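Take a walk through this fold, one part at a time. Keep the sequence at hand as you read.

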Amino acid sequence: SKDQHGAFVPKILKDGRLPDLQDGVVAISDSSYKTPSDAAFFADLAIGQTDFSQFAKRNGFHVHFTPGEGKIGGLKNLKQAAAPETSEELRESALLLTRTMMQARKTKGISWVSEGGGSGVLTQAMHMLYEQGISFEDSKHYVFFSDLTTNLVKAQTIAHKLGFKFERKIKSIDY
């Protein structure tokens, strides 16, 4: 929700379990934000680039917040950018996202939108799910990458193997 000044006021879900919200939107943030409110602001911009924005406007959205000192991937972190699925720095956040995704997979129509370096966290979480033999084939879950700073080909390949769906446009370059 937003306060009277238009700033996001997030409600923290400590167990990582999403409410049973069909057609929900979950944004995975980069790690360069100081607060969850900042991450939510940029997640809102990223979601606005997708075909799922009407669901977020109607129902709100969730943010998987990864605290950190700087951006994930990109030119400054080429190792993360090239191989996000094995990056040790992303492991803890990716494990938490994996848990959330596992718990939400029976809910139909969830859209997972990465924002910036959140693409690295999402890629690693999907890689962990794939290694466990998990399938999202019948869940009608979608993925979208906004302003990604990690390897799109790897992320898209893993998402496809898991059974995630894609809209016409799978990514946006900027807000």
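Phe-41 is partly exposed, because its relative accessibility is 43% (buried means under 20% relative accessible area, exposed over 50%, partly exposed in between, with a 1.4 Å probe and protein chains only). Phe-42 is also partly exposed, at 28%. Tyr-33 counts as buried, with 10%.

This is a predicted model, in which local features need pLDDT of at least 70, side-chain atom pairs count only at pLDDT 80 or more, and totals for chains, interfaces and linings use all residues. Residues are numbered from 1 along each chain as its sequence is written, and side-chain values use heavy atoms, with hydrogens and water left out.

How many aromatic pairs does a search of the whole structure find? The search finds three. Rings of Phe, Tyr and Trp (its six-membered ring) pair if their centres lie within 6.5 Å; planes under 30 degrees apart count as stacked, over 60 as edge-to-face and the rest as tilted. Tyr-33 and Phe-42 make a stacked pair, with 5.0 Å from centre to centre and 15° between the planes. Phe-41 and Phe-42 pair as well: their ring centres are 5.1 Å apart and their planes stand at 90°, so this pair is edge-to-face. Together, Tyr-33, Phe-41 and Phe-42 form one aromatic cluster.

Now the whole chain. It has six helices and five strands. Helices (H or I, at least four residues) and strands (E, at least two) are DSSP runs, numbered from the N terminus. Along the sequence they follow the pattern β-α-α-β-α-α-β-α-β-α-β. The chain has 175 residues, and 46% of them count as buried. Contact means heavy atoms within 4.5 Å. Among contacts in the chain with a separation of 6 or more, 80% come from residues 24 or more positions apart.

Next, the helix packing. Helix α4 (residues 91-104) packs with α5 at an angle of about 60°, and their axes are 8 Å apart. Axes are lines fitted to C-alpha atoms, for helices over the stretch in contact, and angles run from 0 to 180 degrees between N-to-C directions. That angle makes α4 oblique to α5 (under 35 degrees counts as roughly parallel, over 145 as roughly antiparallel, 65 to 115 as roughly perpendicular and the rest as oblique). The crossing of α4 and α5 is right-handed. A crossing is left-handed if the near helix is turned anticlockwise from the far one by less than a right angle, and right-handed if clockwise. On the α4 side, the contact includes Leu-95, Leu-97 and Met-101. On the α5 side, Val-121, Leu-122 and Ala-125 are among the residues involved. By class, the contact of α4 with α5 has eleven nonpolar, three polar and one charged residues. Here Ala, Val, Leu, Ile, Met, Phe, Trp, Tyr, Cys and Pro count as nonpolar, Asp, Glu, Lys and Arg as charged, and the others, Gly among them, as polar.

Helix α5 (residues 118-131) has another partner. Its axis and that of helix α6 (residues 152-162) come within 9 Å and cross at roughly 40°. These two helices are therefore oblique to each other. Their crossing is left-handed. Helix α5 brings Thr-123, Met-126, His-127, Leu-129 and Tyr-130 to the contact, and α6 brings Ala-155, Ile-158, Ala-159, Lys-161 and Leu-162. Seven of these residues are nonpolar, two are polar and one is charged.

Which residues does Ser-114 touch? Ser-114 sits in strand β3 (residues 111-115). It counts as buried, because its relative accessibility is 0%. Leaving out residues up to four places away in sequence, Ser-114 touches Ile-28, Ser-119, Leu-122, Phe-144, Phe-145 and Ser-146.

Phe-55 belongs to helix α2 (residues 53-59). Beyond its neighbours within four places in sequence, Phe-55 is in contact with Asp-23, Val-25 and Gly-60.

Last, two loop residues. Lys-140 lies in the loop between α5 and β4 (142-146). Its phi is near 55°, a positive value in a residue other than glycine. Lys-140 counts as exposed, at 52% relative accessibility. Asp-147 lies in the loop between β4 and α6. Its phi is near 55°, again positive in a residue other than glycine. Asp-147 is partly exposed, at 28%.
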